Amino acid sequence: MALNRDFVGRAYPSPAPYEVSRVKIKEFAAAIGDDNPVYRDREAAVAAGHPDVVAPPTFPIVFTLAGASEALSDPEFGLNFAMVVHGEQRFSYQRPIYAGDQLVATATIAEIRSVGRNEFLTIRSDVATAAGEPVCTTYQVLVERGGAA
Amino acid sequence: MAATVKYDEVEVGQEIPAVEYQVRRVDLVMYAGASGDFNQIHWNERFARSVGLPDVIAHGMFTMAEGGRFVTDWAGDPAAVVDYGVRFSSMVVVPDDEQGATLVVSGLVEEKLEDKRVVVALTARSGDSRVLSKARATVQLS
């Protein structure tokens, strides 16, 4: 079944700000095997000129999916999760993410297109501080195999 | 806060030497916990085979993260990576042994932009497969 095109353009703000913690950044850095001290030690990060520990470039994946999940699980949308694979991912930064940031991610169904038998769905997440300062924009392309058949 | 690589010392076409990263089952379990992606294809061999996969496969985002690590280690400052995007072109199959899978990541300075920024093109392979395509990072150099 094709995805419901009426959903294109719909935006889903995260229900509450995501608080970036030193512990979570440290856990994420450990999981990707990166022992860079600016991810793990506040003093080292400050010595390198940062206000606090820095988040790795792919860290926003931790909190940007929550907003979109509401749309993706709506039966009216018609997405079969069992057939979904991650096609593309991009992170575009206005500024680095640091521990202590309070971030709001707004997920938008940006585009749906059919390629052969597959549906390609692009979700854009605009990440800003709770005060409104833009931080980064993420783009995720999900491929629903056989969805356009 | 600044990259240790200087813009004026980088040339288009310059290669960034390959680095190998091991991907073992325990790494995928840790990544599942840290990222919140608990899809069973990344840790349950029985489930992975039941949906037609050859074995457990790595999270695409884990592979992307290793590519990010390659770039931040080269640049010398994680905050220097201002844009990073990839396409997932092939899966990384992770067998249940001590070696797991090996990811080999290398880079090429593809373009010099204004404001001391460069575009680095990444190549990531596992075995004979190219696992990322269209992998590009824009890096703010000094």
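Helices (H or I, at least four residues) and strands (E, at least two) are DSSP runs, numbered from the N terminus, and two strands pair if DSSP finds at least two bridges between them. The structure described here is a predicted model, in which local features need pLDDT of at least 70 and side-chain atom pairs count only at pLDDT 80 or more, while totals for chains, interfaces and linings use all residues. Residues are numbered from 1 along each chain as its sequence is written, and chains are lettered from A and ligands numbered from 1 in the order in which they are written.

Chain A contains four helices and six strands, arranged from the N terminus on as β-β-α-α-α-α-β-β-β-β. Along the principal axes, the C-alpha atoms of chain A fill a box of roughly 55 × 30 × 20 Å. Of its 149 residues, 39% count as buried, a residue being buried if 20 or more other C-beta atoms lie within 10 Å of its own, exposed if 12 or fewer, and partly exposed in between, with C-beta atoms placed from the backbone. Among the contacts in chain A with a separation of 6 or more, 72% come from residues 24 or more positions apart; two residues are in contact if their C-beta atoms, placed from the backbone, lie within 7 Å.

Strand S4 (residues 102-115) of chain A is joined to strand S5 (residues 118-129) of chain A by 12 bridges, and the two run antiparallel. In this pairing, A:Glu111 has A:Thr122 in S5(A) as its bridge partner. S4(A) and S5(A) form a hairpin with two residues between them, and A:Gly116 in the turn has a positive phi of about 60 degrees. S5(A) also pairs with strand S6 (residues 134-144) of chain A, in the antiparallel sense and over 10 bridges. Here A:Phe120 stands opposite A:Val143 in S6(A). Four residues lie between S5(A) and S6(A) in their hairpin, where A:Gly132 in the turn has a positive phi of about 105 degrees.

The contact between the chains takes 27 residues from chain A and 29 residues from chain B. On the side of chain B that touches chain A, the elements giving two or more residues are H1, helix H3 (60-75) and strand S2 (81-88) of chain B. H3(B) gives the most, with nine residues. By class, this side of chain B has 17 nonpolar, seven polar and five charged residues; Ala, Val, Leu, Ile, Met, Phe, Trp, Tyr, Cys and Pro count as nonpolar, Asp, Glu, Lys and Arg as charged, and the others, Gly among them, as polar. Pairing of strands also links the chains: five bridges join strand S3 (residues 84-93) of chain A to S2(B), and these strands run antiparallel. A:Ser92 stands opposite B:Asp83 in S2(B).

Helix H1 (residues 22-31) of chain A packs against helix H1 (residues 25-35) of chain B at an angle of about 155 degrees, with their axes 8 Å apart. Axes are lines fitted to C-alpha atoms, for helices over the stretch in contact, and angles run from 0 to 180 degrees between N-to-C directions. H1(A) is therefore roughly antiparallel to H1(B), since angles over 145 degrees count as roughly antiparallel, under 35 as roughly parallel, 65 to 115 as roughly perpendicular and the rest as oblique. A:Glu27, A:Phe28, A:Ala30 and A:Ala31 in H1(A) meet B:Met30, B:Tyr31, B:Gly33 and B:Ala34 in H1(B). By class, this contact has six nonpolar, one polar and one charged residues.
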